[in-house]
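Subject: The structure, and what turned up in it

Hi,

Here is the structure I promised to pass on.

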Amino acid sequence: MTLRRTKKPAGPGHTPGPADRPAGPGLRDLLRRDGRAPWWATFVVALLTCLTALLLTLMPVQAPSEFGPAVGGPATGHSPGPGAGHRGAPGPDRRVVPERLTLPRLAVHADVVPVGTTAAGNVAVPGDAGKVGWYRFGAAPGSAAGSAVLVGHVDSRRGERGILASLSSVRQGDAVVVAGRGGRKARYAVVSRRSVDKDAFPGQIFRRTGRPALVLVTCAAPFDPERGGYQRLLLVTAVPAGRG
């Protein structure tokens, strides 16, 4: 049972005091007689809306949570290096020249184009934010050994959503399918999601030996325009489906 305190009714000779008056203006007092808010109220609402949007823009965005084993070891820059990889029996060779990437749960369906390196020796990324690049000098998806690398944008320079924008939402066990010529497909399952500083990119993901894997690479928060944009990279590693 809840007991509520009630005020004693005012008698005939009661003089209204401060306690009987409203504490401040109510909604009705803030509205004009015609039902519209005064100009200054509209201005305040607009100002607060702009300030809120600005604060949301300036707030640091958290990098996605990580799971699974680390990807290789740190290396200097983005240049593909002859990573030794971890030893293990190679799987069957079902290599695919990739043309299409699918992550069913994330509804990602992307065309894949071959890419090489830039003049600085870094891995090139497709100019089209809606396409994914396959590093053609490394392993191919479905290969019996080595790490196949696919790279893509999280957004475009105009702020449009990139094809791998949802990669940060990937879950352990998610299916990844790479389709190629003649209907050939290489199927993988996600085992890890890691973010690394862009200056500590693990060169071992370009290895051509060791157990087969597929690594998807895109940009990750934070974004700092004064330092060249995104400061980290998101690495999602998958292994052939049915293999540990």
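Below are my notes, starting with the overall fold and ending with the pocket.

Before anything else: this is a predicted model, with local features needing pLDDT of at least 70, side-chain atom pairs counting only at pLDDT 80 or more, and totals for chains, interfaces and linings using all residues. Residues are numbered from 1 along each chain as its sequence is written, and side-chain values use heavy atoms, with hydrogens and water left out.

**The fold**

The chain has two helices and eight strands. Here helices (H or I, at least four residues) and strands (E, at least two) are DSSP runs, numbered from the N terminus. Going along from the N terminus, the order is α-α-β-β-β-β-β-β-β-β. The eight strands close into a barrel, and if you walk around it you meet them in the order β1-β2-β3-β4-β7-β8-β6-β5, with mixed pairing. From one strand to the next, the twist averages 35 degrees (axes are lines fitted to C-alpha atoms, for helices over the stretch in contact, and angles run from 0 to 180 degrees between N-to-C directions).

How much of the chain is buried? Of its 244 residues, 36% count as buried. Buried means under 20% relative accessible area, exposed means over 50%, and partly exposed is in between (1.4 Å probe, protein chains only).

Strand β4 covers residues 147-151, and five of its five residues are buried. In a regular strand the side chains alternate between the two faces of the sheet. For β4, Ser 147, Val 149 and Val 151 sit on one side, Ala 148 and Leu 150 on the other, and all of them are buried.

Two strands pair if DSSP finds at least two bridges between them. β4 pairs with β3 (residues 131-135) in the antiparallel sense over two bridges; Gly 133 has Val 151 in β4 as its bridge partner. With β7, β4 pairs in the parallel sense over five bridges, and there Ser 147 stands opposite Ala 213 in β7.

**Strand β8 and its neighbours**

Which part of the structure encloses β8? Ten of its twelve residues are buried, so β8 is largely enclosed by the rest of the structure. Nine bridges join β6 to β8, and the two run antiparallel; Arg 193 has Val 236 in β8 as its bridge partner. β7 and β8 are also antiparallel and joined by nine bridges. Along that pairing, Ala 220 stands opposite Arg 232 and Asp 224 stands opposite Gly 229. β7 and β8 form a hairpin with four residues between them, and Gly 228 in the turn has a positive phi of about 100 degrees.

There is a positive phi in a residue other than glycine too: Ala 107, near 55 degrees. Look for Ala 107 in the loop between β1 (98-103) and β2 (108-115). Ala 107 is exposed, with a relative accessible area of 55%.

**The aromatic rings**

How many aromatic pairs are there in the whole structure? A search finds two. Rings of Phe, Tyr and Trp (its six-membered ring) pair if their centres lie within 6.5 Å; planes under 30 degrees apart count as stacked, over 60 as edge-to-face and the rest as tilted. Tyr 135 and Phe 137 form an edge-to-face pair, 5.7 Å centre to centre with 80 degrees between the planes. Tyr 135 is buried, at a relative accessible area of 6%, whereas Phe 137 is partly exposed at 39%. Tyr 135 also pairs edge-to-face with Phe 206, at 5.2 Å centre to centre and 70 degrees between the planes. That pair links distant parts of the chain: Tyr 135 is in strand β3 and Phe 206 is in the loop between β6 (185-197) and β7, 71 residues apart.

**The largest pocket**The largest pocket holds about 880 Å³ of space. On a 1 Å grid over the protein atoms alone, a pocket is an open set of points with protein on both sides within 12 Å along at least five of seven lines, and lining residues have an atom within 4 Å of a point. A volume is the space filled by probe spheres set on the points. There are 29 lining residues, and Val 125, His 153, Arg 157, Cys 219 and Tyr 230 lie nearest the centre. The elements giving two or more residues to the lining are β7 (213-224) and β8 (229-240).

Cheers

Conventions: On a 1 Å grid over the protein atoms alone, a cavity is a set of points where a 1.4 Å probe fits but cannot get out, and a pocket is an open set with protein on both sides within 12 Å along at least five of seven lines; lining residues have an atom within 4 Å of a point.
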